[in-house]
Every structure is written in C-alpha cells, then in structure tokens.
Amino acid sequence: MSLALQELLLCCRGLENEKATERKKEVDRFRRLIRSPDTVEELDRTSGCKASKGSKQLTWDAVFRFLQKFLQKETELLKSGKANVSATTQANRQKKMQEISSLMKYFIRCANQRGPKLKCAELLSHVVEVLQNQFSCGAYGEDYSSILLKDVLSVRKYWCEMSQQQWHSSCIEL
C-alpha cells in the first residue's frame with residue numbers, strides 16, 4: 001500500500017475515535033488527504049484494479065464505508081443530546097450537522113469527479129436510508145437530496161446499475 005493510502009487509512013480509522021476532538025482533527029485531515037492528487041490517483045488505481053477487489057487494498061468504496069460509520073456515530077451522538085438546550089448549543093449542533101453532511105457530499109463528488117467510482121447500490125442505499133430516517137433527513141436532508149439528484153440520478157452509469165426497486169425508492173424520496 002502506498003504512503004498516501006496508508007495515511008488515509010490511519011485517518012479513516014481515526015474517524016472512529018471515541019474522543020470528539022480527535023474525530024474533528026481527523027475530519028480536517030481527511031479533507032486535506034482526499035484533495036491530494038497522490039491519494040486520488042492511488043484510490044482510482046486500487047478501485048479500478050480487478051485484483052484488489054478481494055484484497056485488503058483501500059478503495060473508494062472502503063473509504064465510503066468508513067465515512068458511513070462516522071456519519072452514523074455522529075448522528076447517534078447528536079440524537080442522544082438533550083432537547084432543551086441554549087440557542088448557542090443548538091447553533092453548534094446545526095453547524096456540526098452541516099459539516100458532517102458536507103463532508104459526505106464533498107467525498108462523493110471527489111470520488112466521482114473522474115467518472116463514477118462508488119458502487120451504485122451502496123451509495124443509493126445509504127442516501128435513501130438517510131432520507132427515510134426522520135432525524136437524519138432533518139439533519140442532512142438538503143445535502144443528501146442534492147447528492148441524490150446531482151451525484152446519483154444524473155449519472156448514466158448508475159442508471160444501468162439500478163434495479164427497478166431502487167429507482168422506485170429513490171424517486172419516492174424526491
């Protein structure tokens with residue numbers, strides 16, 4: 001595994017850290033790494049390589065799964081917070097929700113910038129799941145609706161990979 005992918009893997013594992021401050025540092029590091037041409041090139045190479053499908057190589061899909069776990073963890077923490085809080089705390093929660101969903105949107109756009117790299121079924125399943133959940137839709141709905149329209153339904157390759165049921169469930173969300 002290349003140095004760029006090793007650093008990204010460590011960063012992805014850091015997104016699972018129990019400490020919020022550590023996760024925040026890793027989010028900043030993640031944005032920097034995913035912008036790096038070396039990282040993008042390596043992820044493109046390992047994602048397109050037939051031999052890496054069953055190996056332990058880091059791919060766009062593997063990074064996407066790390067981000068899904070991160071989003072789930074952050075959502076659970078936000079959901080478990082007290083309902084009656086100050087305006088400042090509420091504003092901080094809103095800002096955190098915006099940062100989380102924009103990170104996911106940013107990653108998906110980086111992954112698919114040079115053509116679709118993510119598995120359609122996983123991407124669509126995740127987007128629909130978020131939009132169907134009342135709490136997460138309220139938290140991330142705007143960004144996820146944008147992802148569905150601009151990054152899934154507008155991509156010709158994904159059209160061919162979607163089952164009739166997936167088309168139906170994604171269109172109901174609109």
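**Starting at a loop**

I looked up Val85 first: its relative accessible area is 28%, so Val85 counts as partly exposed (buried is under 20%, exposed over 50%, partly exposed in between, with a 1.4 Å probe and protein chains only). Val85 sits in the loop between helix H4 (60-80) and H5; helices here are DSSP runs of H or I with at least four residues, numbered from the N terminus. Leaving aside neighbours within four places in sequence, I find Val85 in contact with Gln90 and Arg93, where contact means heavy atoms within 4.5 Å. I also checked Val85 against Val130: they are 45 residues apart in sequence and 25 Å apart in space, C-alpha to C-alpha.

**Ground rules**

This is a predicted model, with local features needing pLDDT of at least 70 and side-chain atom pairs counted only at pLDDT 80 or more, while totals for chains, interfaces and linings use all residues. Residues are numbered from 1 along each chain as its sequence is written, and side-chain values use heavy atoms, with hydrogens and water left out.

**H5 with H7**

I took the axes of H5 and helix H7 (residues 134-152) next: they come within 8 Å and cross at roughly 15 degrees. The axes are lines fitted to C-alpha atoms over the stretch in contact, and angles run from 0 to 180 degrees between N-to-C directions. H5 and H7 are therefore roughly parallel (under 35 degrees; over 145 is roughly antiparallel, 65 to 115 roughly perpendicular, the rest oblique). The crossing of H5 and H7 is right-handed, meaning the near helix is turned clockwise from the far one by less than a right angle, with anticlockwise being left-handed. The H5 side of the contact includes Ser101 and Asn112, and the H7 side includes Tyr140, Asp143, Tyr144 and Asp151. By class I get 8 nonpolar, 5 polar and 5 charged residues for H5 with H7; Ala, Val, Leu, Ile, Met, Phe, Trp, Tyr, Cys and Pro count as nonpolar, Asp, Glu, Lys and Arg as charged, and the others, Gly among them, as polar.

Is Ser101 buried or exposed? Ser101 has 1% relative accessibility, so I put it down as buried. Its side chain reaches the backbone oxygen of Gln98 at 3.3 Å. Apart from neighbours within four places in sequence, Ser101 is in contact with Tyr140, Asp143 and Tyr144.

Asn112 is also in helix H5, and with 14% relative accessibility Asn112 counts as buried. What does the side chain of Asn112 reach? I find the backbone nitrogen of Lys117 at 2.7 Å. Beyond its neighbours within four places in sequence, Asn112 is in contact with Lys117, Leu118, Leu123, Asp151 and Tyr158.

**H2 and its partners**

Helix H2 (residues 20-35) packs on helix H5 (residues 87-112) at about 20 degrees, axes 11 Å apart. H2 and H5 are therefore roughly parallel, and H2 passes H5 in a left-handed crossing. Phe30 and Ile34 are among the H2 residues making the contact, with Leu103 and Phe107 among those of H5.

For helix H1 (residues 3-14) and H2, I noted axes within 9 Å and a crossing at roughly 150 degrees. H1 and H2 are therefore roughly antiparallel, and their crossing is left-handed. The contact includes Leu8 and Cys11 of H1 and Phe30 and Leu33 of H2.

Definitions and conventions:
Helix = DSSP H or I, 4+ residues; strand = E, 2+ residues; numbered from the N terminus. Polar contact = N/O pair within 3.5 Å; in protein donor to acceptor, adjacent residues only side chain to side chain.
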